[in-house]
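Keep the viewer open as you read.

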Amino acid sequence: MVDVFEQVEEELRSERYKRLARTWLPIGAGVGAVALIGALGWWGYQSWQTNEADKASAAYERGLEALQAGNAEGANTAFEEAAGSASKGYKVLALMQQAGIAVDQNKIKEAVALFDEAAKASGDPVLSDPAALKAAYLLIDTAPLEEVQKRLEPLTGDKRPFRAMAQEALAMAMLQHGKSAEAREVFVQLQLGQDAPEAVRQRAQLAVQTIDAGTFAVLPKIVTEAAKLPAVAPQAAPQAQAPQAAAPAAAEAAAPTAQPQAQ
């Protein structure tokens, strides 16, 4: 009798396992298939990204070579190709290079638009903030203070990588629009700020001394009168050079991402 009971129990157990298998094997197979498809899709996406980055890198290198050879048109074409890729990093760099070419050709409005596009192309402030900062530099002498503030103030947040340079540019914009007291406050903060680069702190100290001496009092009038002068040859790029002279930090801000542009 014991053997009979054991046999019956074994058959019941076998039947239960069969039911479980019929119930769960299709689900397990489906889950496995989904996981496999997901893995293949991720691998395909990674491969596509790598391929896009390789193509963008090659186009960007061609642009740099053309730029160094003095072929602005060829460089612009190559940078445009790199900017059209799915690689956000190369897109930002290529757009900034195109903006630099536009500045050299005295196409300031076009340059600002390209810098703005570059700033929006990436959510990484290390990539986007230099482009936004350079666009603001180009507008310091000509745009209303409210517009310059709107562009620069987001870059002055505690976590922003070029915070000190954006504050310096904002103070310079205030100064050029006759707000010397407000500008002095910002320069004092930069002068005392331990997180500001040493070069920025030194310039801030010099700016405070100059404001206190009253030298900057006539600057807004000088800027206004200079804007009335006839335009000079495009290669002089007066509109581009004035902000750079007013805020030397432009070169420092662009250094990590757009070094060839300075050439």
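A polar atom of the Arg163 side chain lies 3.0 Å from the backbone oxygen of Thr156, a polar contact in the sense of an N or O pair within 3.5 Å, with one atom able to donate a hydrogen and the other to accept it, where residues adjacent in sequence count only if both atoms are side-chain atoms. The model is predicted, so local features need pLDDT of at least 70 and side-chain atom pairs pLDDT 80 or more, while totals for chains, interfaces and linings use all residues. Residues are numbered from 1 along each chain as its sequence is written, and side-chain values use heavy atoms, leaving out hydrogens and water.

Arg163 belongs to helix H7 (residues 163-176); helices here are DSSP runs of H or I with at least four residues, numbered from the N terminus. Beyond its neighbours within four places in sequence, Arg163 is in contact with Leu155, Thr156, Gly157, Asp158 and Asp195, contact being heavy atoms within 4.5 Å.

Is Gln167 buried or exposed? At 14% relative accessibility, Gln167 counts as buried, since buried means under 20% relative accessible area, exposed over 50% and partly exposed in between, using a 1.4 Å probe and protein chains only. Setting aside residues up to four places away in sequence, Gln167 touches Thr156, Val186 and Leu190.

**How the helices pack**

Axes are lines fitted to C-alpha atoms over the stretch in contact, and angles run from 0 to 180 degrees between N-to-C directions.

| Helix pair | Angle | Axis distance |
|---|---|---|
| H3 (residues 88-104) and H4 (residues 108-120) | roughly 170° | within 8 Å |
| H5 (residues 125-139) and H6 (residues 145-152) | about 165° | 9 Å |
| H6 and H7 | about 175° | 10 Å |

For H6 and H7, the angle makes the two helices roughly antiparallel, the word for angles over 145 degrees. Leu145, Val148, Gln149 and Leu152 of H6 make the contact with Ala166, Ala169, Leu170, Ala173 and Met174 of H7. By class, this contact has eight nonpolar, one polar and no charged residues. Ala, Val, Leu, Ile, Met, Phe, Trp, Tyr, Cys and Pro count as nonpolar, Asp, Glu, Lys and Arg as charged, and the others, Gly among them, as polar.

H5 and H6 are roughly antiparallel as well. From H5, Leu133, Ala135, Ala136 and Leu139 meet Glu147, Val148, Arg151 and Leu152 in H6. Six nonpolar, no polar and two charged residues make up this contact.

With the angle of roughly 170° between H3 and H4, H3 is roughly antiparallel to H4. The H3 side of the contact includes Lys91, Leu95, Met96 and Gln98, and the H4 side includes Glu110, Leu114 and Phe115. The class count for H3 with H4 is 10 nonpolar, two polar and three charged residues.

**Gly63 in H1**

Which helix holds Gly63? Gly63 is placed in H1 (residues 2-68), and its relative accessible area of 0% means that Gly63 is buried. Gly63 touches Ala75, Ala78 and Phe79, not counting residues up to four places away in sequence. The C-alpha atoms of Gly63 and Gln98 are 9.6 Å apart, although 35 residues separate the two along the chain.

How values were computed:
Angles under 35 degrees count as roughly parallel, over 145 as roughly antiparallel, 65 to 115 as roughly perpendicular and the rest as oblique.
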